[in-house]
Each structure stands twice: as C-alpha cells, then as structure tokens.
Amino acid sequence: MTFHAPVMDYGALSPLIALTAGVCFVLLLPLLGRGRGSSRIAIQTSTALTLLTLATTAGLLIWHWNDPVELVSGALRLDDLAISISLIAIAAAAFTVLLSIREPAAEQAGGGEYHALLLGSVLGMTLLAQAQNLVTFFVAIETLSIPLYILCATNLRREQSLESGLKYLIVGSLGSATLLYGMAFLYGGSGSTDFVGIAAGIGHAGLLSDPLVLVGIGMVAVGLAFKTSIAPFHQWTPDVYEGAPTPITSFMAVATKAAAFAVFVRFFDVALAPEAGDWQPALAVLAAATIVIGNVGALGQDSLKRLLGYSGVAQAGYILGGLVVASEAGVNALVFYLAGYLFMNLAAFSVVVARERETSFGDDIRAVRGLGRERPLLAWPLTISMLALAGMPATVGFIGKLYLIEALVEGDYTWLAVFIAVGSMISLAYYLRVVAAMWMRPGGESASATPAIAGASPEADPIDPEAGRRWYLVAPALLAAAGVIFFGIIPQPLVEFAQHAGAALF
Amino acid sequence: MINSLLWTPLAFGLLGLFLPKRYSGWWATLGAAVTLGIAIALLAGFDSGAGLQDTVDVSWIPGLGVDYSLGLDGLNVFLVVLTALLWLGGTAFAAFREQERPHLFFLMMLLAETATLGAFVAQDLLLFVLFFDLMLIPFYFLFGAWGTDREDGPTAAAATLKMLVYTLVGSLLMLVGAIATAIIASQDGGHHLTFSIAELAKHPIAAGSQRWIFWFFAAAFLVKMPAFLLHGWMPDAYRAAPLPVLAIFSGVLAKVGAYGFLRVVLPLFPSATVQFQEVVLVIALASILYGSVMAFTQTNVRLVGGYSSVAQLGFITAGIFALRADGADGAVLQMVNHGLVVAPLFIIVALLAERSGSEDLREMGGMAMRAPVLAALFLIVTLATLAMPGSANFIGEFYILNGLFQAKIVYAFIAISGVAMSAYYALRLYQRTMHNRRPDTIPSREIGLRDGLVLAPLVLCIVGLALYPQLILHRTDPAVQRSVAATKGPPAQAQLAATGLKPTYNVANRPVGGEGR
C-alpha cells in the first residue's frame, strides 16, 4: 500500500494559516514587553494585532469568493458557504474585539491571552465551516469550543463568570462526546468519514433499515443541537450567556451559531442528502419545539443577557427551518438570516455592554430604563435591534423571516412557517418590554436603588459613567443598527451573498 | 408623483429632526400639507375610466420576487386623500399644543403617514403586508410614550403592547398567507414567483388553499377594524392614546382593514369569499349590534367613539360581503365618510376634555352655552354620524343596505337596527356634553381660532360630500365592480362546484341544498 501525501493548496489554506499565525503573534508579542503582558500597552498591541489578523483573513477569504476548491484530499472544502459563514464569524469577532476594549475580563486575563483565545475560536469556526469530513468536523468543533470555555471564565473576579465557564465546559463536553460517539456509529455504518463517502455508503441501504447509521445520525444531530442551542438541548444557553463576559456572550451568540449551522447544513445536505425525507420531519419538530420553548422562556426575563439568550434559542429555531426544507432556497434563507442576525444581535449587545459599564444595574432591564431620553445614540440601536429580532418591517429581520417562510412554504412545510409567525408574535411581548423600558414611562415596577443583581459587584466591574459615549461602544452599536436598517430596505446585496452560499451545495 | 406622495411625510419627518424643537410641529404640519397637496393633485388627474394609474413598478428584491409596485385606482384614491387630510388635521392639532419630545413625536406621526399611505397604494402583496405591519410601529410609540396611564387600569405601555400583539397575530399570519398565495400560484401556473396583486388575481389559486389563506388575511383585517370578538385591544388602547393621534388612528387605520378585503381578499380568494360570505356577515352584524349597544352604555367619551367605530366598520364589512357592486360602493363611500366623521369627533372630544378636565360623560354638560360655533360643528358631525338623510353617511348606508337586501335579506333586516341605534348613541353623546345642566366647575369656552382652523375644514368636507357624494361614487364604481366581479365570475363558482360546496342560497334567497349548512 502506497501512501500519497495530499496536495497542499497553500493559497486556499491561507486564511487558516493567517489565523494560526495571528494566534501565535497575539499570544507571544505582548510577552516581549515589560510587565509580562498585563500592561495597557500590551493589551492595545494585542487588540490591534487581532484586528489586523481578522482583516487579513477576511481579505484572503474574499480572494477565494466564487472559486470553490477541495483541500487536503477533500477533508476541507473552501466554497462560498464556508466563506460567507467565516466572514460572519470574523465580523462578529471584530465587533467583540471593539466591545472588549477596557473590558475587565480582557484585562484580567492578561494581554494576549484573551485575544489569542478569541482568534483560536475564530480559527475553529473557519475550519468548521469548511469541514467536509468527520475528522475535520470534530477537530474544528473542539478548536472552536475549548477557547470559548476559557473565555467564558475570564472575568476572574466574578463568580458567575467562573460558573458559566465550568457549566459550558461540562455541557459542551457532553455535547462533543455525543457527537463523537455518533460519528463512530456513522463510520461503522457507512464505511467512510468523508461526507460524500457517507452519502454513497448509506445511499442504497436507506436510513431506517440501518439502526447503526440511524443512531449515529441521531447522536450527531444531538451534538450539533447542543452547539446551536436547539431545544431541548438549550438549557445551558441562558446560564452561560448570563455569566460570561458580555462581549464574549455576543460573540458566542452570533459566531458559534453561524459556524455550527454551517456544518449542520453541510452534514445534512451533503452526507445525508439522499435520505432527506427521513430526517426532515424530525428536525422540523425540533425547530417547532425550539421556537416555542425559546420564546416562552424569554417572557418575564429581567436580565437582558438571559433574555437575549432565550431569544437566541428561538432564533435558532427559525434558522433551523432553513435546514429542514433541504433545498437551495432553504440554505439561502439560513445564511441570510445568520448574516442579519449578526447585525441585529450585535447592536443589542453593544448597548448592553455600554450600559453594564455605565450603570450599577448590570444587565438588568432597569439599566436601559429612560435610555431614550438619556442616551438616544444607544437607545436607537437597541430599539432597532429589538424590532428587527421581532421581525418588524423595514429591518433585516423582516426580510430574513420572509426568506425563511418563502423557503418553508416552497418546501411544503407551511405549518412550520406558521410556527415562525406565532413565535414572532409571542416574542413581541418581551422585545417590546425592552423598548417600552427605554421610551415609555415606567409602569408598576418601581425602580429600586439596590444595584447588586446578575453579576454586578462593584469591585469587580468598576463603573465608567462615560461608557455610553465611548466610540468603541457607540460606533459598533450604530454600525450594526445601520446595517439592520440598510439591509431591511435594500436587501438585494445580502440576498445575493446568501444565494452564493446556497449555490455552493446544490 | 405617487412616489413623492408616499415619501414626502417621512422626508419631512427626518429633516424635522435637525430643526429647533419649537418649529418641529409646524414643519410637520407643512409636511402633511404638502402631502395633501400632492394627494389632491393626484385626485384631480384621476381618470375614473382607466384602471390602475400613476403606477410605479420596479423590482425591489428580485431574489425573493418582491416588487416595489404602487398605483392608484378607484378603490384607494379617496382613501389616500382622506389619509392626507386627516393627517394634516391631526398634525396641526397636535402642533398647536405643547408636546413632550416634539422631534420624536412628529417623526413618528409622519412615519405613520408614510406607512399608511404605503398600505393604501401598494400593488404588490408583500409590499402591502410590509406597510400594513410598519404602520403599527409608530403608533406603538405614539400611544405608549405620549399616551395617558390610567390609575385603575393598564399603563399606556401595557395597553399599546396589547394592541400590538393583537394586531400582529393577524398580520404575521397574513405574511405567511401572502407568501403561500404567491408560491402556490407560481407552482400551479409554472411561472416565476410574483407577488403582484393584479397578476395573482388573474388566476386564483385552488379553492382548497384559498380556504385557509382566506382566514389568515381575514384575521388580520378583522382585528384591525376591530370586529366583534377581536376588539379586545380597543378599549384599553383608545383610553391610553393621545387624542390627536387617536383621531387619525380611528379615522384611517380601521379602513385599511376594510380596504384589504376589497383589494386583496375578494380578487385573490373569490371562491373562499363566496363560501365564507355568511360567516363574515355574521361577524359584521355582531359588530354592529355589539358596537352600538356598547356605545350607548359607555360613559367615557372616547369609548363611545371607539365602539361606534366598531359598529360602523361592521356596516362597511357587511357592505363588502354583500358581494354586490352597490354594497361595496356604499362601503367605500362609508369608509371615507366614517373617517371624516370620527376624526373630528375625537378632536371635539379633546376640546371637551380640555375644558372639563374629564372624559366622563357624567361630568360634562352644558358646554353649548357660550360656544355656539363649537356646538354647531359638533352637531353637524353628530348628524352625519347617525346617518341623517341628507348626509353622505346616509347615502353610504343606503347603498350598503340596498346591496345587503338584494344579497341576503335576513342580514339586512338585522343591520337596519344598527341605524336606529346609531341615532341613540350619537345624540346621547351630543346631548350629554353640550346640553343638560352645566356643572359649575366647567367653563363654557368657544372654540379657538386655531382649533377652528383644524375642525372647520373637516366639517366642510362632510357637508361637501353630503351635497355631492357622486364625487366618490362615480370614481370608485369601476374599480369596485372589478373587485366584486371576481367573486361572481365563472371561475369562482366553478371552483366551488368542483369542491362540492355550492352556494346554499339561490338568487331568490331560498335554500337549494344542504351541503354547506
């Protein structure tokens, strides 16, 4: 037996190489200076280097736009789906870097480490979006997750942060273990680790006749559901979101979801495409349950981060709808919604970060009370984001839902489209509660002066009364909100972006 | 032209943000006036013989088959003018008064105008749904942030949230319904995806699909009106709303629902319309009876207005669902009439509330004493509300009842009781506020010049229409005929026959079979 080393297309691997190099530089360079990397200069250096790395990677990815290639003997595939999802993750990371400026967590974790871990996670996501083989799939999902476990716990002086990290580690490991176990079954049943090979291996047998493969697929789906916080595997989401440093929460909410959905799509629409009829109903039921559970869970949440966590669960349910139909339109809608979700969610999280540092209320809804009068530049982005997440017209959220519903109706899943409509209706109750707190007179709840809730102990998070005016918080909020409105009125560029992604698979 | 009609209000609203606060009200009034000017110019150039005119049609999201397509025809041209007119009145009335955060208030007012005009002129189904939903956002802010909190009830924010959830239940389902209509039509016809209402109306989808999509649309429109059983949001929202905004809201927004039936439901789902005609008629009658009874038991003047709108919208719905041209003609005329009546009514309520400091009928009275002009204006509005012979409302109701008599005589008999009851509640409102003994605490003041400038033109329009209702009837008739004809055409009947659901009544209103009952 002769062994042929795979051909390395370094050009197409360059985004991954750039990210890896970035991780090393960001980690090591600040150590060269004095003070062992904890000084302000070290943090500024790593911030700048991280942004530079992200920009380089984005450039290298765009270079390969519309030019799909298989890499490393088909273990990876750099196509427009991978590129679009990676770009979403990179954009989310760039926002996170801005939101992390002066973030206590970033300072406590030491200069380079925080940013290096962030880049490491982005590396995992970029890899995951390209993964076309069970092995790269698993390696990528671990590369993505392990830095996040640590990042969640970087706010060392806050108990909730440590708790969140531990919780995420345990639940995440469980998810990964289930995933790996399922992969083993799948390999046993189909005789291949390659997605295309799996499709060929189980193609003639049929899904229901082969319990080995069926169990494997079920476990892989469960593992992915953990990562994308699909109900009933979502319970960790609100807890982890609440405890993690807020910039990291925003990163997890957008980027992890995008990357995990990318592989979700690739796995189900490539490896399991021939058996679509068998898994579609199961995923549709999961999506419907997720929409209901997420939206109902978010009602009555006082912590904005928990609220956004549950809303993220519900949104994952909507997005899963794009996968259920197993069609090109479905993938288009899914990528479009993820891109829109980037803008909608980051606008909200930027404001939450700003208010968290500015007031003593932490992420409690009281932190945004009267914001319309006090800080219109923050109130507008949060308002726009809430309306968009609820699917109101003239925002990207409306077009995203329109796209998803169109795909669902076309794929004969009209009942799931009705679920999306009903879910959006429930969601109004909590999204508008936030809007009402900002613009309308406070109702029955009396504003109390006691600060300590949801992880805001004064010594851990020093209050910066000017945080609501800092450019690195206001600019991301405004930028994201502008994106929400712009793509709500002129969605065609984003539609074309998403159509490229869909065309890569079908 | 139609583009400038649509976007002028929003443009003025956005520019107004850069002006000093004290001018923003006047600027907004100017914006509304310019919009009215454009609307009148469009009406002047309107050719009642031609179909859709002043059209704009550009591809908006080609990837999703959505077009930016606008147009005027007999169905919407007067509603557009009504919208522009009432907005000018409401904005001017608000501008005469001190508003908190005026920049935002007037921006929201003008955004609401753009959205409402958009819903009226949209000729693309999805664009219609978009504007229909968009209308709610500014009203949510206007009601919630500038409304009054009740001590014994929900806060303004809670009341407006209730309104929004109610109305969106319908309109989100409508979004699904709209998409389903277009996709089913494109799959059946084998052509590319389009949401154009005219295109979709050419080949209605299969009767089976029509049946459920019909209810998705009907839910949205009936909640908006609001119709009986779906009116739960109305009392709280009406009590919370600031009055100038409520005048517009009640005058225009309810009509969007009725308009939606004529524009979308009848042409696109003809066989479902025929099939469910009686169900909707029952809802309409229930609205008439319930609304009238509630209107003469309420003591809050806003709710008298609110419940009378429920009853009036019941009439309009009944007129549309007579599925005859005269009934629908009357419905269109009555939409304009009701808007012209209810908006001044709420402005008068605002004036009365300013004088008496209360919105409770029991605490008012005798205000006509030193205010003959106000009393005269109010009397005209009242007489028009109760559809006094000689008013345009009389002609509208006459057409509606005439259509209903010929279509479904039983329903017409019940509906007639609503006419009688409207006399009771309208006169009761007038009498209790303007006549009776005057409580000592209430000053009887004449209407101010500025408020008179708002009110008098609206009342003049009522009088003008009473003298010359043909202005509307003549122009709307061809479009209404087309809309109603869809349900009469052979396709609708043939589809019904194919599904085994023949109409249960023949022309002589006698039962012919038992299948559908």
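How many residues of chain B are in contact with residues of chain A? Keep that in mind as we walk through this predicted model, beginning with the place where the two chains meet.

On one side, 28 residues of chain B take part, and they are in contact with 30 residues of chain A. Looking at chain B's side, the elements that each give two or more residues are α5 (125-134), α6 (136-146) and α7 (156-189) of chain B. The largest share comes from α7(B), with 15 residues.

Now let's turn to chain A as a whole. Its secondary structure comes to 20 helices and 2 strands. Along the principal axes, the C-alpha atoms of chain A fill a box of roughly 70 × 55 × 40 Å. A compact globule of 506 residues would have a radius of gyration near 23 Å, and chain A, with 22 Å, agrees with this. Of those 506 residues, 64% count as buried. Among the contacts in chain A with a separation of 6 or more, 79% come from residues 24 or more positions apart.

Finally, let's pick out a single residue. Glu374(A) lies in helix α15 of chain A, which covers residues 371-374.

How values were computed:
Residues are numbered from 1 along each chain as its sequence is written. Chains are lettered from A and ligands numbered from 1 in the order in which they are written. This is a predicted model: local features need pLDDT of at least 70, side-chain atom pairs count only at pLDDT 80 or more; totals for chains, interfaces and linings use all residues. Helices (H or I, at least four residues) and strands (E, at least two) are DSSP runs, numbered from the N terminus. Two residues are in contact if their C-beta atoms, placed from the backbone, lie within 7 Å. The radius of gyration is taken over C-alpha atoms; the globule rule is 2.2 Å times the number of residues to the power 0.38. A residue is buried if 20 or more other C-beta atoms lie within 10 Å of its own, exposed if 12 or fewer, and partly exposed in between; C-beta atoms are placed from the backbone.
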